[in-house]
Amino acid sequence: MSTAAPIIKVDAISKSFGAFKVLDGLSMQVMPREKLALIGPSGSGKTTILRILMTLERIDGGHIQIEGEHLYHMERNGQLLPADERHLARMRQKIGMVFQLFNLFPHKSVIDNVTLAPMLTKGVARAAAEKRAMELLDMVGMADKAKAMPAQLSGGQKQRVAIARALALQPKIMLFDEVTSALDPELVEEVLNVLWRLCAETDMTMLLVTHEMGFAHDFADRVLFFDRGRIVEEGKPDEIFRHPKQERTQAFLKKIIAAGHRV
Amino acid sequence: MTQWSGYFGLILQGALVTIELTLMGSVLALIMAFLAGMGRLSRFLIVRAIATAYIEFFRGTSIFVQLFFAYFVLPLVGLELTPLQAGVLALGLNVGAYAAEVVRGAVQSIGREQHEACIALNLGRWQGMRHVILPQAFLVMLPTFGNNAIELLKATSVVSLISLADLTFQAQVVRAQTGNTMVPFTTILVIYFILALLISWGVRSLERRLARGLDGVRV
């Protein structure tokens, strides 16, 4: 793995919301197929980096490369220019995202939610898109609800549909932004089970922002602990969760455990 | 004893003109509403400026004057319009200006998370607008569009002033010929009211049809 090229390369990026510096010279690398857990207190920048990778936020400085290609810049005659919409659209094909609040399209049925983007962005014919959608819905255990409207589903079901929807575009990198945080406790597991399947059955690179420390421990190849816009500590799950070196990591984990989360 | 049946025929002819004006005016208003409403949300300053100028101008001047301008002033610069064309133009542009703000407000009421889902699914700006934002926003627009259409219906009566034989015009003809004021004006009052009710019902049933399955997500 050390000889392979990173699929994501983040180089000294910064991002402010007004006077609040949410990312402060952040650098990180992700290898192909790697499963990464991003943990840390709220406001630490872990969600922001996912949103930046999905081009939902712009960076103030620094560089990001996906598969060796600049995300926010285009190379023209040896010069780096700001990316235009076409460049961004091409780069977005590599990346998919699942949101905390699902963001399903409420006016479309489950299957139409899944088929919309492949038909519009890749020109897939309806029949083929629906066949593929049914396979994906089957994988997330939602095939029997294909004709249902989102308003008829539980939170866990909505999130599983949202995962199928993102998978339909076959991204190489999937970003999961606190995908279980909005769910009732008894619905968390059905979503985590889907993530396990993805892990076992696909070779996607997965970045997971989560407060489910137990899941992060079992699932991730590597854990990044964020605080105040920087990565304070990173390592194998066992190192981070059992033997954190940094004081801030220790304090954070102690607080999380006190709040009743299993590690 | 006045022969009312012939006069009622006259009023019904007027009703047809009023309905025709309302329908054609509404179509133009709807087109203008989407053009100007979306224009106000454009990335381009010049488009926003044109849309804003149109909206402010047509909201800020009287429909009465707009109609007279279309019918009496435009011919002076070589644009000759029939009374019906002038009526449709003035009504459509005037009501379209109000409805444009409805379009803009409805589009803006659709949450940021829907826009973000569009970006994450790599939909283009127009694709997202067309397939995700507008279908949801349209449902928000509908009740106010219903109001706008009723306003337009009522405003059609101004065309009687440029001698277009609508309901109000015909009522005046009947009054002049019979000397009776109560019967013609009561009759057209009822007809206007029925037409407004029809618009209300139409819009509400369309709303119900489009809202099916969307329980709990209406804004």
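This is a predicted model: local features need pLDDT of at least 70, side-chain atom pairs count only at pLDDT 80 or more; totals for chains, interfaces and linings use all residues.

Visitor: How do you know which residues make the contact of α1(B) with α8(B)?
Guide: Two residues are in contact if their C-beta atoms, placed from the backbone, lie within 7 Å. On the α1(B) side these are Ile11(B), Ala15(B) and Ile19(B), and they meet Pro184(B), Thr187(B), Ile188(B), Ile191(B) and Leu195(B) of α8(B). By class there are 7 nonpolar, 1 polar and no charged residues (Ala, Val, Leu, Ile, Met, Phe, Trp, Tyr, Cys and Pro count as nonpolar, Asp, Glu, Lys and Arg as charged, and the others, Gly among them, as polar).

Visitor: What is the angle between helix α1 (residues 4-39) of chain B and helix α6 (residues 125-155) of chain B?
Guide: These two pack at about 135°, and their axes are 10 Å apart.

Visitor: Why is α1(B) called oblique to α6(B)?
Guide: Angles under 35 degrees count as roughly parallel, over 145 as roughly antiparallel, 65 to 115 as roughly perpendicular and the rest as oblique. The value of about 135° therefore makes α1(B) oblique to α6(B). The contact itself is made by Thr22(B), Gly25(B), Ser26(B) and Ala29(B) of α1(B) with Asn148(B), Ala149(B), Leu152(B) and Leu153(B) of α6(B). Its classes come to 4 nonpolar, 4 polar and no charged residues.

Visitor: What makes β8 and β12 (230-235) of chain A stand at the edges?
Guide: In chain A, 6 strands form an open sheet in the order β8-β9-β10-β3-β11-β12, with mixed pairing. Two strands pair if DSSP finds at least two bridges between them. β8 and β12 of chain A each have a single partner strand, so one side of each is left without a neighbour in the sheet. Neighbouring strands here are turned by 20° against each other on average, direction ignored.

Visitor: How do you know that β8(A) and strand β9 (residues 173-177) of chain A pair?
Guide: They share 4 bridges, and the requirement is at least two, so the two strands count as paired, in the parallel sense. Ile95(A) stands opposite Ile173(A) in β9(A). Helix α5 (residues 155-167) of chain A packs on this sheet, touching β8 and β9 of chain A, and its direction makes about 170° with that of β8(A).

Visitor: How many strands form the open sheet β2-β1-β4-β5 (chain A)?
Guide: There are 4, and the pairing is antiparallel. The edge strands, β2 (20-30) and β5 (69-70) of chain A, each pair on one side only. Strand β4 (residues 61-66) of chain A is joined to β5(A) by 2 bridges, and Ile66(A) stands opposite Glu69(A) in β5(A).

Visitor: How many residues of chain A are in contact with chain B?
Guide: 21 residues of chain A are in contact with 20 residues of chain B. On the chain A side, α2 (85-92), β8 (95-98) and α3 (110-122) each supply at least two residues, and the largest share, 4 residues, comes from α3(A).

Conventions: Residues are numbered from 1 along each chain as its sequence is written. Chains are lettered from A and ligands numbered from 1 in the order in which they are written. Axes are lines fitted to C-alpha atoms, for helices over the stretch in contact, and angles run from 0 to 180 degrees between N-to-C directions.
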